[in-house]
Amino acid sequence: MSIAEIKKTAEAKMGRSIEALKSELQKVRTGRAHPGILDQVHIDYYGSMVPISQVANVSLLDARTISVQPWEKGMGPKIEKAIRESDLGLNPAAQGDLLRVPMPALTEERRKELTKVVRHAGEEAKIAARNLRRDANEHAKKLLKDKEISEDEERRSLEQLQRLTDGTIAEIDRLVVAKEADIMAV
C-alpha cells in the first residue's frame with residue numbers, strides 16, 4: 001500500500017464517519033417536523049418489513065406536522081400502529097386515509113438531554129476519526145520500517161493525515177454546534 005492509497009482510504013473512511021454522524025443527528029428529534037424522522041419506522045407489508053417511505057408518501061403539512069398518505073387503503077392502521085409503537089414518542093391521528101403526525105413541543109429539560117445526546121454522538125465521531133488517523137499513521141510507519149518510503153515522505157504523510165483529521169474534526173464540531181442550536185432554538 002502506498003502513501004497515496006493510505007491517505008485516500010483514510011479520507012474516504014473519515015467522510016463515511018461524517019455521513020454516519022449526519023444520519024445520527026437527523027434522528028435526534030427537535031421540535032420541528034422533518035420527514036426523515038420516520039425513516040427508521042418499518043411496517044409489515046405482506047410479510048416483509050419495509051420503511052414507511054416505501055408504502056406511503058411522507059411530507060410536511062406545516063413546521064410541526066408530518067403527513068403520511070398511504071398508497072393502499074388498508075395500510076393506514078398498520079402505519080399508525082407502527083409509528084405509535086416506535087421509540088419516537090409520536091402520536092399520529094388518522095383523518096380518513098391521511099395520517100397527521102404532530103411533533104410535540106420540547107421541554108427545556110428534554111432539550112438539554114438532547115444536546116447531551118448530540119455532543120456524545122459528535123464525540124464518538126471524533127474518536128472514530130482519531131482511530132482512523134492512528135491506523136493510517138501505523139501504515140505509514142510500517143512502510144518506513146520496510147524501507148519502502150523515506151523518513152521525509154513518512155513525516156510529510158503524517159502531517160497530511162493530521163491536517164485531514166483536523167478538518168474532519170472541525171466539520172464534526174460544526175455539525176454538532178448547528179444541531180445544538182437547532183434544538184435550543186425551537
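Modeller: Lys81 and Glu85 form a salt bridge through their side chains, with an N to O distance of 4.0 Å. The model is a predicted one, and the cut-off for such a pair is a nitrogen to carboxyl oxygen distance within 4 Å. Lys81 and Glu85 both belong to helix 2 (residues 75-85) and are four residues apart, so about one helical turn separates them. Glu85 counts as exposed because its relative accessibility is 60%, and the threshold for that class is over 50%.

A second pair sits in helix 1 (residues 3-27), where Lys22 and Glu19 are three residues apart, again about one turn of the helix. Their side chains meet in a salt bridge at 3.6 Å, N to O. Lys22 has a relative accessibility of 35% and therefore counts as partly exposed. Glu19, at 46%, is also classed as partly exposed.

A further salt bridge links Glu123 and Arg130, whose closest N and O atoms are 3.7 Å apart. Glu123 is partly exposed, with a relative accessible area of 35%, and Arg130 is partly exposed at 32%. By the distance rule, the count of salt bridges comes to 12.

Now the nonpolar side. In soluble globular proteins, nonpolar side chains tend to be buried together. The largest nonpolar core here has 21 residues, and the members that touch the most others are Leu38, Ile52, Ile66, Val68, Ile79, Ile83 and Leu90. At least two residues of this core come from each of strand 3 (56-62), strand 4 (65-70), helix 2 and strand 6 (98-102). Helix 2 supplies the largest share, four residues. Helix 2 thus holds the Lys81 and Glu85 pair and also contributes to this core.

Ile79 can be followed through its contacts. Leaving aside residues up to four places away in sequence, Ile79 touches Ile43, Ile52, Val55, Ala56, Val68, Pro70 and Leu99. Ile52 and Val68, two of these partners, are themselves listed with the core members that touch the most others.

Definitions and conventions:
Residues are numbered from 1 along each chain as its sequence is written. This is a predicted model: local features need pLDDT of at least 70, side-chain atom pairs count only at pLDDT 80 or more; totals for chains, interfaces and linings use all residues. Side-chain values use heavy atoms; hydrogens and water are left out. Buried means under 20% relative accessible area, exposed over 50%, partly exposed in between (1.4 Å probe, protein chains only). A nonpolar core is a set of buried Ala, Val, Leu, Ile, Met, Phe, Trp, Tyr and Cys residues joined through side-chain atoms within 4.5 Å. Contact means heavy atoms within 4.5 Å.
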